[in-house]
Amino acid sequence: MKAVVYEDVEKLSYKEVEILPVKSHEVRIRVKACGICGSDVHGYLGVTGRRIAPMIMGHEFCGEVVEKGADVENLSPGARVAVYPVDFCGECEMCRRGDVHLCLNKRAFGVLDVDGAFAEYINVPAKCCFPIADEVSFATASLVEPLAVAFRGVGRAGSLEGKTVLIVGAGTIGLLALACVRMQKPSKILISDLSGHRLEVAGRMGADVLLNPAQEAFSERIMQETAGKGVDAAVEAVGAGGAVRQVMSSLKIGGSAVWIGNNSRMIEMDMQETVTRELRIQGSFLYGYQEFETVVNMLNEGKIFVEPLISKKISLSQTPEYFKLLAHTPGDLLKVVVVDE
């Protein structure tokens with residue numbers, strides 16, 4: 001089969017690779033769509049240590065079952081599935097308490113040295129497969145993985161009905177967080193980003209207030225939009241000090257923030273402001289098995305609107321070219337999805 005192999009820093013090869021036999025608990029999937037994640041691009045640049053060459057990246061994927069192992073009963077060839085990209089043991093302490101995404105023995109597809117889905121086919125455990133409706137395109141279904149990240153993060157903020165909510169960062173996760181927040185019927189959604197194009201997409205996805213801190217007085221606008229109180233809740237979807245400070249300074253007294261961004265290891269922030277204004281901070285990492293299933297069902301039932309995120313659909317052979325673009329000259333590209341159509 002053809003695959004895109006990460007050979008070394010900034011070196012991807014489109015080449016023929018071996019197809020592995022299907023194990024008894026696995027299904028073979030023809031990959032129909034796989035999104036390029038920011039973490040894939042960082043791996044390509046060699047800055048994270050989370051991609052160990054040679055390997056195949058790609059963890060935001062879905063496809064069609066073409067073969068099943070001897071012990072698989074619930075899936076048959078032709079089934080359309082989104083894939084939970086973590087093979088968990090089911091036996092460790094984390095798995096026993098239901099946090100399979102934190103499994104002590106997990107293998108994440110497309111991460112470290114475990115091959116992922118920038119390939120024509122991939123073998124995955126049947127337990128990781130969730131049916132997707134015929135009405136949902138494969139390209140849209142490839143967004144389930146980042147959508148699950150956003151869904152878990154927004155869920156950590158509690159009920160948002162009737163509240164004012166700020167999202168800082170209108171990249172993939174920030175825009176998907178916007179989609180999740182919108183489902184809860186808040187009174188107002190504000191979103192901040194330095195990119196006019198990303199803010200335009202946010203507007204199409206239902207944001208009420210679009211803020212570009214490089215073009216206006218950010219704090220003054222926040223106060224203007226919230227009658228001088230600050231927002232009830234805020235989501236940080238960048239992972240950088242400046243974005244965190246925007247989030248924390250925008251909260252009303254007793255407000256709560258969820259941090260989803262995961263880029264900078266160390267940041268500076270005003271601890272006294274957090275203490276004296278009794279602000280709450282909640283971190284959110286990845287997503288659980290049930291959350292992934294919930295997100296699949298949301299898409300299947302047409303309850304959430306995410307299509308504007310997809311900037312470009314490309315073929316598998318074009319993948320090396322687009323990794324280079326995303327790494328160095330992304331322009332207005334948001335989510336690039338490799339499709340087999």
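Since the model is predicted, local features are taken at pLDDT of at least 70 and side-chain atom pairs at pLDDT 80 or more, while totals for chains, interfaces and linings use all residues. Residues are numbered from 1 along each chain as its sequence is written, and side-chain values use heavy atoms, with hydrogens and water left out.

Start with the inside. A nonpolar core here is a set of buried Ala, Val, Leu, Ile, Met, Phe, Trp, Tyr and Cys residues joined through side-chain atoms within 4.5 Å; buried stands for under 20% relative accessible area, exposed for over 50%, and partly exposed for anything in between (1.4 Å probe, protein chains only). The largest such core has 102 residues, and Phe118 and Leu175 have the most contacts inside it. Helix H5 (residues 172-183) gives the most to this core, with 7 residues. Helices (H or I, at least four residues) and strands (E, at least two) are DSSP runs, numbered from the N terminus. Contact, meaning heavy atoms within 4.5 Å, links Leu175 to Gly169, Ala170, Ile191, Arg198, Val201, Ala202, Met205, Leu309 and Leu334, once neighbours within four places in sequence are set aside. There is also a second, separate core of 16 residues, with Leu190, Phe218, Ile222 and Leu279 among them.

With a relative accessible area of 16%, Thr172 counts as buried. Apart from neighbours within four places in sequence, Thr172 touches Pro146, Leu309, Leu334 and Lys335.

Axes are lines fitted to C-alpha atoms, for helices over the stretch in contact, and angles run from 0 to 180 degrees between N-to-C directions. The axes of H4 (residues 144-155) and H5 come within 8 Å and cross at roughly 55°, which makes H4 oblique to H5. Angles under 35 degrees count as roughly parallel, over 145 as roughly antiparallel, 65 to 115 as roughly perpendicular and the rest as oblique. On the H4 side, Pro146, Leu147, Val149, Ala150, Phe151 and Val154 meet Thr172, Ile173, Leu176, Ala177, Cys180 and Val181 of H5. That contact comprises 11 nonpolar residues, 1 polar and no charged; Ala, Val, Leu, Ile, Met, Phe, Trp, Tyr, Cys and Pro count as nonpolar, Asp, Glu, Lys and Arg as charged, and the others, Gly among them, as polar.

H4 also crosses H10 (residues 289-300), with axes coming within 9 Å at roughly 110°, so the pair is roughly perpendicular. This crossing is right-handed. From H4, Val144, Glu145, Leu147, Ala148, Phe151 and Arg152 take part, and from H10, Glu291, Phe292, Thr294, Val295, Val296, Met298 and Leu299. The H4 and H10 contact divides into 9 nonpolar, 1 polar and 3 charged residues.

Finally, the backbone. Most residues other than glycine have a negative phi, and most peptide bonds are trans. Ala53 and Pro54, however, are joined by a cis peptide bond with omega about -5°, and Pro54 lies in the loop between helix H1 (38-44) and strand E4 (60-68). Lys185, not a glycine, has a positive phi near 60°; Lys185 is in the loop between H5 and strand E11 (188-192) and is exposed at 61% relative accessible area. Leu286 has a positive phi of about 55°, lies in the loop between strand E15 (280-283) and H10, and is partly exposed at 25%.

Definitions and conventions. Left-handed = near helix turned anticlockwise from the far one by under 90°.
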